[in-house]
Amino acid sequence: MMTWIVNSKAKKRLMPYLRQCGEYLSTLHVKKEKNLHRGMQLEMSVEVTHLSEKLKSIPALRRYKGRVYIPYVQNDDAKRITTVAEDLLSLDCSPVPHVPVRRFSSWKELENVLGVWENMGIREIFLIGGDVPKPLGPLDNSMQVLESGILQEIGLKRVGCALHPEGNVNDPHHMESLLEKIKWMKDQKSTSETRKEKALDMCLVSQPCFSSAIINQCLHSARSHTPMQIWIGTVGPSDAASLVRFARICGISTSLRMIQTHCSQLSNLATALAPEHIINSVESSHFHIFSLGGLEVTLQWMEILKESWEDSPRVASS
């Protein structure tokens, strides 16, 4: 067993942000399984949870310059997503807008929006079905968009699709849907090689889950079917109330029960649900961070986490 020690300087920098989020982490000493991440480089993307945040006023975002996912939730529209993406591009970040296909009233609307984004310099999207009970137009699922070839025609280079460790409340056949996407990816890659064309790159991004056992089981299952990159969704520093609300919205029942079980005891919550716990106990080094506690807080936490991953000593525990 190894112990991952966050150096005192890093801890001093991070604690004000944890206090701002409700101080639900009581310690930064996280047990690390021996050899689990040996030789792996930590890579992280982040998701803007609060679109009302003034992105240009966040210093950590200017330093980040990585992938920033933009959710397309109820009451949002493509114009607002475009404005957020423009701000991110001006900060040298790589915006990755969500594309919930059921929210588009027509193929033409989808094509127009994607075309605007590609012309702005966006090269990647996150393609999902969307949580509306009834499609607003002819699009019902993301496979329709993948099979249409519209993404390649517009000039996009990479598409992310969702992975659901705890299942998908909107799709009881989510594993069959995932396998269908994986088969499509293999077929289009083979076809592109035959035509000497560059295939559309594809990755999987998982919904958040607070059980490392469930995540690892999901990883093993997905990796048995595909070598594509898989990013593990987890939540950055936040308070218990925000975690409960988020778990209910996402429909992650096992994680919701875990949160509610540990909420009464702060110390239990700190160790059981701390994001470091997930990052150090799943078999991956690619993580997608949901910024429930605010983007500035989350990015600062990510900076410290990366420093600790790369620089902090790892010593045998007694």
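Two strands are said to pair if DSSP finds at least two bridges between them. Helices (H or I, at least four residues) and strands (E, at least two) are themselves DSSP runs, numbered from the N terminus. With those two ideas in hand, let us walk through the model.

This is a predicted model, in which local features need pLDDT of at least 70 and side-chain atom pairs count only at pLDDT 80 or more, while totals for chains, interfaces and linings use all residues. Residues are numbered from 1 along each chain as its sequence is written, and side-chain values use heavy atoms, with hydrogens and water left out.

Let us begin with the whole chain. The protein chain holds 13 helices and eleven strands. Of its 318 residues, 54% count as buried, where buried means under 20% relative accessible area, exposed means over 50%, and partly exposed lies in between (1.4 Å probe, protein chains only). The accessible surface comes to about 15,000 Å², and carbon and sulfur atoms account for 50% of that surface; such areas come from the Shrake-Rupley method with a 1.4 Å probe, and for residues only the protein chains shown count as cover. A contact means heavy atoms within 4.5 Å. Among contacts between residues at least 6 apart in sequence, 82% join residues at least 24 apart.

Now to the strands. Strand 3 (residues 43-47) and strand 4 (residues 67-70) run parallel and are joined by two bridges. Here Glu-47 stands opposite Tyr-69 of strand 4. To get from strand 3 to strand 4, the chain passes through helix 2 (residues 59-64), and this β-α-β crossover is right-handed.

Lys-65 is partly exposed, because its relative accessible area is 44%.

Strand 4 also has a parallel partner in strand 5 (residues 94-100), joined to it by four bridges. Tyr-69 has Val-96 as its bridge partner in strand 5, and Val-68 has Pro-95 as its partner there.

Val-73 sits in the loop between strand 4 and helix 3, and it counts as partly exposed because its relative accessibility is 41%. Val-73 and Gly-130 are 57 residues apart in sequence, with their C-alpha atoms 8.4 Å apart in space. Asp-92 belongs to the loop between helix 3 and strand 5. Although Asp-92 is not a glycine, its phi is positive, about 65°. With a relative accessible area of 51%, Asp-92 is exposed.

How many residues of strand 5 are buried? Six of the seven are, so strand 5 is largely enclosed by the rest of the structure. Strand 5 pairs with strand 6 in the parallel sense over three bridges, and Val-99 stands opposite Leu-127 of strand 6. Once again there is a right-handed β-α-β unit, made of strand 5, helix 4 and strand 6.

Among the buried residues of helix 4 are Leu-110, Val-113, Leu-114 and Trp-117. Their cover includes helix 3, strand 5, strand 6 (124-128), helix 5 (142-148) and helix 6 (150-154). Glu-118 also lies in helix 4 (residues 107-120), and it counts as buried because its relative accessibility is 16%. Leaving aside residues up to four places away in sequence, Glu-118 touches Arg-123, Ile-154, Gly-155 and Leu-156. After helix 4 comes Gly-121, with a positive phi near 115°.

Finally, what of the cysteines? A search of the whole structure finds zero disulfides, a disulfide being a pair of cysteine sulfur atoms within 2.5 Å. The sulfur of Cys-161 has its closest cysteine sulfur in Cys-203, 7.9 Å away, which is too far for a bond. Cys-161 counts as buried, because its relative accessibility is 0%, and Cys-203 is buried at 0% too.

Terms used. A crossover is right-handed if, with the strands pointing away from the viewer, the path from the first strand over the helix to the second runs clockwise.
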